[in-house]
Each structure stands twice: as C-alpha cells, then as structure tokens.
Amino acid sequence: MALLGAGALYAALPSTLLVAGSRWLLAVLVLLLLIPAEVSHHRGNHALNQIIGYILNGLVTLAMIASLALLIDALPEHRVSPPELLRSAAALWITNILIFASWYWRLDAGGPHERARTKGHTDGAFFFPQMTMDPAAKRAAGEHDWEPNFVDYLFLAFNTSTALSPTDVPVLSRWAKGLMMIQASISLVVIVLLAARAVNIL
C-alpha cells in the first residue's frame with residue numbers, strides 16, 4: 001500500500017517532472033510487480049518475495065530522485081509555477097517517507113519474514129524503545145513477543161524527514177545510518193531549498 005501510494009503521488013506531479021513522460025507508468029509497474037510478490041509470499045517463497053521487494057523499492061526510489069533532480073533543474077528557468085512547486089515538494093517529501101519506511105521495514109533484521117520467525121524482537125539495525133524494557137515489564141504490558149511492524153518504520157522515517165535525525169530509535173548498523181543520511185539529505189533539499197523558494201516566489 002505504501003508503494004502504491006508513492007506511485008499515486010508520483011502521478012500527481014507536473015508533467016515536466018515525470019521520468020519518461022508517463023504519469024501512471026510507475027504506479028502500473030508497482031502494481032504489476034506486487035502481484036508476483038504477493039503470490040510468492042503466499043507460496044512461501046520468501047527469497048523471491050524479497051528480491052521483488054528490492055526491485056520495487058529501487059524503482060520508486062530512482063523515480064523519486066529523478067523527479068527531485070528535474071524539479072531542482074526547473075527552478076532557475078521557472079518551468080514550474082509556485083503552486084505546482086509547493087505541491088511537488090509536498091508529494092516528494094511524503095514519497096521520501098513512504099519509500100524509506102519500506103526500505104527499513106524490508107531490510108531490518110532480515111526482513112519481515114525473518115523477524116516473524118523469532119519470538120520477540122531483540123536484535124536489529126534499529127534499537128526500538130520496546131527492546132530496552134525489562135522482560136517482566138514486557139509481559140505485564142502484553143509486549144513479551146513484540147516486534148516492529150510497518151507503522152514503527154513509518155514513524156522512524158517520518159521522524160527522520162522532519163527532525164533530519166533519529167529521535168527515539170537509535171541506529172546501530174552502518175547500512176541503516178547510510179540510508180538515514182540519504183533520506184535526511186533528500187528531505188533537507190525538499191524542505192529548505194524547494195519549499196523556501198516556492199514561498200519566496202509567492
């Protein structure tokens with residue numbers, strides 16, 4: 001659903017910011033790849049599901065970065081009107097959150113399938129607050145078998161895009177630190193450069 005949402009946000013961009021000029025190309029590609037991903041998941045072929053997931057995430061990430069580059073390129077020549085610029089900046093900022101939440105969800109501790117195989121989440125690239133709780137306190141709170149789901153990673157990605165840094169979830173692995181730096185950099189470009197430019201024009 002997050003990737004379909006990213007595809008819909010991409011389709012809402014002005015035509016000058018679309019890669020290959022097709023408004024619904026990304027959403028159609030996402031939908032076509034989601035079908036074999038779901039089939040492989042239900043058949044228990046989790047390795048294939050992960051590979052398709054990486055391709056999906058990669059496609060949406062590349063499309064977002066390409067549109068951001070086109071938007072930056074369009075700024076000096078005023079090819080995008082101020083209202084379109086604000087809408088585009090908002091769409092790219094939300095897409096940034098959705099796609100990086102998807103990356104964190106898919107990569108942390110071997111992915112959702114591997115996390116589901118273990119009882120409780122005790123090890124991973126991110127140190128969630130629930131992982132610091134005393135076992136007795138966890139049982140009392142009904143969190144003894146807690147593991148992060150997509151909403152937890154969405155919250156992490158949202159905080160990274162707004163605060164431009166981790167907040168309540170420390171980052172432990174190098175790959176996660178690298179991804180968070182990329183996400184924060186994209187958010188910084190969108191918020192500081194593009195939104196500020198649009199407000200000044202208005």
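I began with the pair H2 and H3, whose crossing is left-handed. The model I am reading is predicted.

I looked up how H2 and H3 pack: their axes lie 8 Å apart, at an angle of about 165 degrees. Angles over 145 degrees count as roughly antiparallel, so H2 is roughly antiparallel to H3.

Next I listed the residues that meet. From H2 they include Leu-26, Val-30, Leu-33 and Leu-34; from H3 they include Ile-52, Ile-55, Leu-56 and Leu-59. By class I noted 13 nonpolar, 4 polar and 1 charged residues in this contact of H2 with H3.

I then turned to H3 and H4. Their axes come within 10 Å and cross at roughly 155 degrees, and H3 and H4 are therefore roughly antiparallel to each other. This crossing of H3 and H4 is left-handed. Among the residues making the contact are Gly-53, Tyr-54, Asn-57 and Gly-58 of H3, along with Ser-88, Ala-89, Leu-92 and Trp-103 of H4. I noted 12 nonpolar, 11 polar and 1 charged for the contact of H3 with H4.

Last, I checked the largest pocket. The space in it is about 480 Å³. I found 20 residues in its lining, with Met-1, Leu-34, Glu-38, Trp-105 and Arg-106 nearest the centre. Helices H1 (2-11), H2 (25-42), H3 (46-74), H4 (82-107) and H5 (112-117) each supply at least two residues of that lining. Which classes make up the lining of the largest pocket? I wrote down 9 nonpolar, 8 polar and 3 charged residues.

Methods. Residues are numbered from 1 along each chain as its sequence is written. This is a predicted model: local features need pLDDT of at least 70, side-chain atom pairs count only at pLDDT 80 or more; totals for chains, interfaces and linings use all residues. Side-chain values use heavy atoms; hydrogens and water are left out. On a 1 Å grid over the protein atoms alone, a cavity is a set of points where a 1.4 Å probe fits but cannot get out, and a pocket is an open set with protein on both sides within 12 Å along at least five of seven lines; lining residues have an atom within 4 Å of a point. Grid points are joined across faces, edges and corners, and a volume is the space filled by probe spheres set on the points. Helices (H or I, at least four residues) and strands (E, at least two) are DSSP runs, numbered from the N terminus. Ala, Val, Leu, Ile, Met, Phe, Trp, Tyr, Cys and Pro count as nonpolar, Asp, Glu, Lys and Arg as charged, and the others, Gly among them, as polar. Axes are lines fitted to C-alpha atoms, for helices over the stretch in contact, and angles run from 0 to 180 degrees between N-to-C directions. Angles under 35 degrees count as roughly parallel, over 145 as roughly antiparallel, 65 to 115 as roughly perpendicular and the rest as oblique. A crossing is left-handed if the near helix is turned anticlockwise from the far one by less than a right angle, and right-handed if clockwise. Contact means heavy atoms within 4.5 Å.
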